[in-house]
Amino acid sequence: MLKQFLLVLTVGISQLNADDGSARLLLAKQIHNKYLVEGMDIVVKYSLYNVGDNAATNIQVSDNGFRNEDFELVSGQTQFKLDRLGPGTNTSQTVVVRPRKFGYFNFTAAEVNYSGSEGSSVVLTGLSSDPGQGVIIAARDYEKQFSSHFLDWAAFAVMTLPSLGIPFALWWSSKSKYEAIALKKD
């Protein structure tokens, strides 16, 4: 009796876990910048993949991680909707945001809601990959490290000019004096 019960339970669980032919969406959230800098654009790409056997419909992607007090939305939309995504296809959406302040920031996952098959009223929910915590560098620190330092080099040139210019002027004056004497002798 116990063996029959375990057999029925195993078959039931395997039927529940079997692929029912519905759509399966994978959402990836990627930050494309090498350095995250205060006041400079950050490119965020959302890639949506349908790895299921049916088309997904009524797809809604939303990312509430970029609050208005922390980020300025430059381009794109953090919430977008697609009518249909066929099986084995993908799509992507790019958003450009600009951080208003520097410091540590937790980049949270985006959320996707969709119907697993056409005509289905069941709404499936998924989360994107989570970029995690990132450091937004202060603009002055970034400029200090990566600027061309033109003013620094100009100041260096002005400071080295006396130490190079005075010996050159003395040499030129003595050279001119000796050349003048050499021309008088001839």
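**Reading the fold step by step**

Reply: Happy to. Buried residues make up 26% of the 186 residues in the protein chain. Keep in mind that this is a predicted model.

Me: What does the secondary structure of the protein chain come to?

Reply: Three helices and 11 strands. If you follow the sequence, the pattern is α-β-β-β-β-β-β-β-β-β-β-β-α-α.

Me: How should I think about strands in a sheet?

Reply: In general, strands of a sheet pair through backbone hydrogen bonds, either parallel or antiparallel.

Me: In which sense do β8 and strand β11 pair, and over how many bridges?

Reply: They pair in the antiparallel sense, over five bridges, with β11 covering residues 132–137. To see it in the model, find F105, which stands opposite G134 in β11.

Me: Next, the inside. What's the general idea with a nonpolar core?

Reply: In soluble globular proteins, nonpolar side chains tend to be buried together. In this model the largest nonpolar core has 23 residues, and the members touching the most others are L25, Y46, L48, I59, F71 and V112. Strands that each supply at least two residues of this core include β1 (25–31), β4 (56–62), β7 (90–99) and β9 (111–115). β3 gives the most, with four residues.

Me: Which residues does L25 touch, not counting those up to four places away in sequence?

Reply: L48, Y49, N50, A56, I59, L85, V112 and Y114.

Me: How much of the contact picture comes from residues 24 or more positions apart?

Reply: Taking contacts in the protein chain with a separation of 6 or more, such residues account for 71%.

Me: And the outside?

Reply: The protein chain exposes about 12900 Å², and carbon and sulfur atoms supply 58% of that. One spot to look at is a nonpolar surface patch formed by L26, Y49 and V51, which together have about 280 Å² of accessible area.

Me: Why does L26 count as partly exposed?

Reply: Buried means under 20% relative accessible area and exposed means over 50%, with partly exposed in between. L26 has 46% relative accessibility, so it counts as partly exposed. You'll find L26 in strand β1.

Methods. Residues are numbered from 1 along each chain as its sequence is written. This is a predicted model: local features need pLDDT of at least 70, side-chain atom pairs count only at pLDDT 80 or more; totals for chains, interfaces and linings use all residues. Side-chain values use heavy atoms; hydrogens and water are left out. Two strands pair if DSSP finds at least two bridges between them. A nonpolar core is a set of buried Ala, Val, Leu, Ile, Met, Phe, Trp, Tyr and Cys residues joined through side-chain atoms within 4.5 Å. Buried means under 20% relative accessible area, exposed over 50%, partly exposed in between (1.4 Å probe, protein chains only). Contact means heavy atoms within 4.5 Å. Accessible areas come from the Shrake-Rupley method with a 1.4 Å probe; for residues, only the protein chains shown count as cover. Patches are made of residues with over 30% relative accessible area and no salt bridge: like charges are joined within 9 Å, nonpolar side chains (Val, Leu, Ile, Met, Phe, Trp, Tyr) within 5 Å. A salt bridge is a side-chain nitrogen of Lys or Arg within 4 Å of a carboxyl oxygen of Asp or Glu.
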